[in-house]
Amino acid sequence: MNGTDVSWWKGAAIYQIYPRSFADSNGDGIGDLPGITAHLDYVAALGVDAIWISPFFTSPMADFGYDVADYRDVDPIFGTLADFDALAAKAHALGLKVLVDQVWAHTSDRHPWFEESRRDRTNLRADWYVWANPKPDGSPPNNWQSVFGGPAWTWDGRRGQYYLHNFLKEQPQVNGHHPAVQQAFLDIARFWLERGVDGFRLDALNFMMFDPAFTDNPPAPADGKVRTRPFDFQLHKYNQSDLAIPAFIERVRALFDEYDARFTVAEVGGAESDREMKLYTAGNTRLNSAYGFDFLYADALTPAVVRDAVEKWPDAPGIGWPSWAFENHDAPRAVSRWTTPNHAAAFARMKMLLLGCLRGSPILYYGEELGLTQVDVPFEALQDPEAIANWPLTLSRDGARTPMPWKSGAPAVGFSTATPWLPVGADHDALAVDRQEADPASMLHWTRAVLALRREHRALRQGDLTVVTADDAVLAFERRLHNEVLTCAFNLSDAPVAWDAADVLIQTGHADGRLAPFGALVARKES
């Protein structure tokens, strides 16, 4: 890269906020938009460039906001449109961009579009969702399975047909092929762009369109892994990822190009995610960026895993810009997933520096800057419909959605004055923000140092990346822009390794020519 492209999102650090769990301003045990606004100074002080707020739109909350009933309004649980406007105004005053989640693969079954569509087969929105007749024996039209368990089809007596839902039955699949549906989503996008949002995170975008012939999915080959859901027994060739999606993406990009400095990042999962992410971000007429599940569902963080992920995104013409996340609202906390409790503190620091050094846009999940662990939520307290349906084999998403710990010793660790919607982690009081603010050696201060380093060195934000070592223990790569070359080295093992470096800019667990278990550093390369 020549460094001339200075779009704000190229290398921007993004902070994901799950609104139910960040801060409760009105004492009902659920986080809200005013709670976020009240803590934006804290977020800005981290050194991030943007916030991404998970869905806060009107919803019956079958999937906690990812089942939208009104895309143009705020659910009363979270506040009002005026509260959103106040949040955006304060964020912009602090220099933070604001990204919102758009869920276009499905709506809530309470959305007026679906309520009209299911009424009969002749109304104006009859074809806005995916309806199909039963087989002669009354069974579903094909073998497609829902991510959350069971067939992806639910019978509706009013229409005398099945409707498709790749997730919950309360999340009917939109007919993304329909021109009027596409236009409706573009109009919604314009509504939020006019309101001043700086970009969208597009949820499950590759589920938006499907094979119109409803071809059966083939079985997945045996791979030795435990399969907890019927969904896992298939290759998802036909229920998602239709070849018509890029044409719609180009319509989205054309709309965004009418506005200055806006950003689009897609979530793309599945076995074909690498190919699809490249397809959705290719050239200058599609999305700006995409992120997949290279790390979110990885069993371990190894040099090979990181090497393989970053080398898929070379700095080459026509290749899009990657974004990276180690944790989010759908994936377990990484310190609990990738290491043991005795190494958690060191691992969290190494992991944060690694995230800050990758080529792309790093996405931090709320509380990741504190080193929050996964919470073991008991069955009787579960809220996550997937975890309830697949108990106990699916690791609950609730364990990564627990309240943000603001104040040690306070009720609900300062998140709320009421009993929170999910329990507080047993070890999260010790990780609370106020405790870490008072400790210069804390994970919170380390995160700020990492993000400050990223801001100070354009090689980390916009330079190219070359892996130089990826053995059983050590990952090392160079970041280069113009005349600046930085060497980033990480010990991903639980044993010390030899690693000498001079002109070190930042380090953790490095002394006397050795990297301690989960030690890491960034140094200027000697010319």
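Pro392 is placed in the loop between helix H12 (385-389) and helix H13 (433-437). The peptide bond that joins Trp391 to Pro392 is cis, with omega about -5°. In general, most peptide bonds are trans, and most residues other than glycine have a negative phi.

The model is a predicted one: local features need pLDDT of at least 70, side-chain atom pairs count only at pLDDT 80 or more, and totals for chains, interfaces and linings use all residues. Residues are numbered from 1 along each chain as its sequence is written, and side-chain values use heavy atoms, with hydrogens and water left out.

## Overall architecture

The chain contains 15 helices and 19 strands. These elements are DSSP runs numbered from the N terminus, with helices (H or I) of at least four residues and strands (E) of at least two. Along the principal axes, the C-alpha atoms fill a box of roughly 75 × 50 × 50 Å.

Of the 527 residues, 60% are buried. Here buried means under 20% relative accessible area, exposed means over 50%, and partly exposed lies in between (1.4 Å probe, protein chains only). The chain exposes about 19600 Å², of which carbon and sulfur atoms supply 53%. Accessible areas come from the Shrake-Rupley method with a 1.4 Å probe, and for residues only the protein chains shown count as cover.

Among the contacts with a separation of 6 or more, 67% are between residues 24 or more positions apart. A contact means heavy atoms within 4.5 Å.

## Charges and salt bridges

The chain carries 48 positive and 69 negative side chains, and the centres of the two sets lie 3 Å apart. Lys and Arg count as positive and Asp and Glu as negative, while His and the chain ends are not counted. The place of a charge is taken as NZ of Lys, CZ of Arg, CG of Asp or CD of Glu.

The structure holds 36 salt bridges, each defined as a side-chain nitrogen of Lys or Arg within 4 Å of a carboxyl oxygen of Asp or Glu.

| Acidic residue | Basic residue | N to O distance |
| Asp156 | Arg118 | 2.7 Å |
| Asp257 | Arg253 | 2.9 Å |
| Asp503 | Arg524 | 3.5 Å |

Asp156 forms a salt bridge with Arg118. This pair links distant parts of the chain, 38 residues apart: Asp156 belongs to strand E7 (residues 153-156), and Arg118 to the loop between helix H5 (112-117) and strand E6 (131-132). Both Asp156 and Arg118 are buried.

In the pair of Arg253 and Asp257, Arg253 counts as buried because its relative accessibility is 14%, whereas Asp257 counts as partly exposed at 49%.

The side chains of Asp503 and Arg524 also meet in a salt bridge. They link distant parts of the chain, 21 residues apart, with Asp503 in the loop between strand E17 (497-498) and strand E18 (504-511), and Arg524 in strand E19 (residues 514-524). Asp503 has 44% relative accessibility and therefore counts as partly exposed; Arg524, at 35%, also counts as partly exposed.

A network of salt bridges links Asp63, Arg229, Asp232, Asp330, Asp384, Glu386, Arg397 and Arg401.

Met61 lies in the loop between strand E3 (57-58) and strand E4 (70-74), and it is classed as buried because its relative accessible area is 12%.

Thr508 lies in strand E18 and is buried, with a relative accessible area of 10%. Not counting residues up to four places away in sequence, Thr508 touches Arg349, Trp446, Gly519 and Ala520.

Glu258 is found in the loop between helix H7 (245-256) and strand E10 (263-267). At 52% relative accessibility, Glu258 counts as exposed. Glu258 and Arg190 are separated by 68 residues in sequence, and their C-alpha atoms are 9.8 Å apart in space.
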